[in-house]
Amino acid sequence: MRGMGGGGGGGHGGPRREKSKPPGWGVVLRESAVLVRQHRGRLGVGLILLAVSRAAALVAPASAGWLLDHVVAGKRPDLLLPLAAAVLVAAVVQSGAGYALSQLLGVAAQRAIHSMRLELHWHVLRLPVARFDATQSGQLVSRVMNDAEGIRNLVGNGIVQLVGGLLTAGVVFVILLWLNWQLTLAVAGLLAVFGAATAIALTRLRPIFRERGQTQAEITGRMTQVLGGIRAVKAYAAETREQDAFRAGAERLFSHIRTTITGFSVLGALGTLVVGISAAVLILVGGQALLAGTMSAGQLFTYVMYVALMTAPVLQIAAIGTQMTEAFAGLDRIRELRAQATEDADAAGRSACPRLSGAVELREVVFGYNPERPVLHGVSLRAEPGQTIALVGPSGSGKTTLVSLIMGFHRPQSGAILLDGADLAGLRLDSYRRQLGVVLQDNVVFDGTVRDNLLFARPEATQDALDAAAEAAAALGFIRELEKGWDTVVGERGVKLSGGQRQRLAIARALLADPRILVLDEATSALDSESEAEVQGALARLRHGRTTFVIAHRLSTIRSADQILVLEGGRIAERGRHDELLAGGGLYRRLHDRQSGLAAELFRNPGEA
Ligand SMILES: Nc1ncnc2c1ncn2[C@@H]1O[C@H](COP(=O)(O)OP(=O)(O)O)[C@@H](O)[C@H]1O
Ligand SMILES: [Mg+2]
């Protein structure tokens with residue numbers, strides 16, 4: 001609703017950086033455990049498939065050793081065929097299991113991302129308005145879309161490969177110890193060094209992954225704002241400035257990625273080195289064992305292939321570990337989002353709002369966006385059902401803030417808002433807001449067809465109901481004249497409609513919603529006097545029978561209100577009906593006189609006498 005102010009003119013300061021330190025591994029492991037448990041069925045099957053595939057992989061090295069020692073040395077050509085058949089069967093099993101595994105886990109991972117996104121989107125929608133004031137919407141988009149993507153590695157192939165790799169390495173390690181424990185300890189020592197290096201690298205990389213997600217969110221945040229305010233960007237020729245801002249973010253992103261690549265490269269090089277050193281050790285120690293006759297050629301061959309089987313998963317762990325680190329970083333950011341309480345966090349303790357007759361009372365309401373600087377200082381008012389309450393006062397006096405409180409967007413710091421005598425703090429917001437209607441100055445039209453925009457208020461409305469609402473809003477005429485009538489797509493924020501048309505659409509929508517309480521915040525302020533005249537009639541029909549809070553600059557709108565409240569600096573300075581307030585000769589009188597003067601000036605050019 002607000003938000004677009006200063007779209008690209010540098011009005012928004014630098015990107016907001018929410019720095020926080022990454023949580024310890026304990027928290028991360030606990031959360032991963034939750035995710036893993038949610039998907040345990042598929043992960044379990046995945047692990048079994050992996051075990052089958054790994055067991056099948058053990059057949060070939062064992063057979064090769066057997067070939068050398070028993071078939072060749074023992075001169076048993078009759079064993080050749082069964083041996084080859086065993087290897088072949090093992091290969092078929094391994095390939096089948098591998099296929100099923102990646103299929104299963106690929107889908108499982110995407111399913112996890114899918115449900116995570118749904119959950120996050122739902123969470124974001126229910127965050128209080130203040131959150132949206134403080135966070136660029138693009139950042140929230142990035143959380144839902146990109147950060148959720150990261151858990152792919154946690155629920156999918158990554159974790160199964162990790163567990164499977166460790167299990168295989170463990171089993172093979174035992175076999176190797178049994179075959180030749182001295183040699184095995186030497187190789188295992190090397191792998192341990194590599195493992196330690198990996199652990200260090202991953203701990204270093206985790207904050208970088210975290211930063212990366214944050215940077216990505218910031219870039220998305222700024223970019224959505226800039227695109228939303230593209231007219232302002234162009235009008236102020238701010239394209240190069242925006243490009244520079246984008247470049248700064250993109251370069252930060254690039255440098256994060258460069259660092260992580262360096263990390264991988266070091267680990268990769270280290271891995272290759274470990275393999276090389278093990279090979280040298282094997283030649284040296286194994287060769288001696290062969291010469292001394294303590295090991296047969298077949299045994300050494302089998303041994304070497306088993307070493308490869310043990311080393312491969314350990315080296316793989318480095319790569320998988322990085323993916324997991326990325327997943328953890330995503331989870332970190334997701335956790336921050338989830339930790340923000342939604343508006344309905346305490347819904348269980350509230351009761352559903354019954355159908356209201358529309359009495360609204362504010363008792364000594366104090367509220368400030370920053371609690372130390374109240375915007376409203378103890379405002380009290382009482383609207384009887386069906387009354388129209390006009391709020392007037394200088395810009396910044398707190399009119400919009402007052403109606404935001406009535407709409408439940410913010411909570412009073414002290415005092416209370418009563419609806420038909422019930423405290424809003426004890427009512428469920430969703431059931432209350434279903435009885436609210438609102439027409440604002442702008443930003444009320446979504447991209448979609450004219451029909452979609454009306455149905456938004458009441459999805460089940462019939463075409464007759466749509467026609468009736470549009471008619472009453474003085475919108476039916478122009479809707480029928482649109483290129484495709486009700487099916488015309490109106491563009492983002494309704495850019496393809498004129499201001500007056502947008503307003504009449506918003507009024508039709510509010511009519512369709514049939515609210516008990518109506519808020520009109522500067523609904524006609526952006527219109528020229530001709531459109532305003534058209535909209536006025538529609539607004540009068542909309543107001544009929546509903547408690548209405550109307551904020552308007554033009555005092556003509558206000559004349560007929562049941563009560564006029566004049567706000568000044570967050571306090572109600574005057575209240576009464578039009579004539580009383582005029583007679584009182586206070587602030588209202590001054591505002592009125594200035595307006596009348598303006599009206600007289602309206603057809604004169606600036607500077608004309
Ligand atoms: N979302 C917000 N966050 C912080 N301050 C705000 C916010 N909205 C309004 N304000 C401040 O609150 C005061 C009252 O604003 P507002 O209620 O919009 O006034 P009005 O509608 O009467 O012009 C102003 O000083 C304004 O700067
Ligand atoms: Mg306002």
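What is the handedness of the crossing of α2 and α11? The crossing is right-handed; a right-handed crossing has the near helix turned clockwise from the far one by less than a right angle, a left-handed one anticlockwise.

The views show a predicted model, in which local features need pLDDT of at least 70, side-chain atom pairs count only at pLDDT 80 or more, and totals for chains, interfaces and linings use all residues. Residues are numbered from 1 along each chain as its sequence is written, chains are lettered from A and ligands numbered from 1 in the order in which they are written, and side-chain values use heavy atoms, without hydrogens and water.

**View 1. Helix α2 against helix α11.** The axes of α2 and α11 (residues 297–339) come within 6 Å and cross at roughly 160°. Axes are lines fitted to C-alpha atoms, for helices over the stretch in contact, and angles run from 0 to 180 degrees between N-to-C directions. So α2 is roughly antiparallel to α11 (over 145 degrees; under 35 is roughly parallel, 65 to 115 roughly perpendicular, the rest oblique). Contact means heavy atoms within 4.5 Å. Residues of α2 in the contact include Arg-54, Pro-61 and Asp-69. Among their counterparts in α11 are Phe-301, Tyr-306 and Gln-316. The contact divides into 11 nonpolar, 5 polar and 2 charged residues. Ala, Val, Leu, Ile, Met, Phe, Trp, Tyr, Cys and Pro count as nonpolar, Asp, Glu, Lys and Arg as charged, and the others, Gly among them, as polar.

**View 2. Ser-63 in helix α2.** Ser-63 lies in α2, residues 40–72. Helices (H or I, at least four residues) and strands (E, at least two) are DSSP runs, numbered from the N terminus. Ser-63 counts as buried because its relative accessibility is 10% (buried is under 20% relative accessible area, exposed over 50%, partly exposed in between; 1.4 Å probe, protein chains only). Beyond neighbours within four places in sequence, Ser-63 touches Leu-83 and Val-87.

**View 3. Helix α15 against helix α17.** The axes of α15 (residues 463–472) and α17 (residues 499–513) come within 8 Å and cross at roughly 125°. That angle is why α15 is oblique to α17. Ala-465, Leu-466, Ala-469, Ala-470 and Ala-472 of α15 meet Ala-508, Leu-511 and Leu-512 of α17. By class, this contact has 8 nonpolar, no polar and no charged residues.

**View 4. Strand β1 and its partners.** β1 (residues 360–367) pairs antiparallel with β2 (residues 376–383) over 6 bridges. Pairing requires at least two DSSP bridges between two strands. β1 also runs antiparallel to β4 (residues 414–419), joined by 5 bridges. Val-360 has Ala-383 as its bridge partner in β2 and stands opposite Leu-419 in β4.
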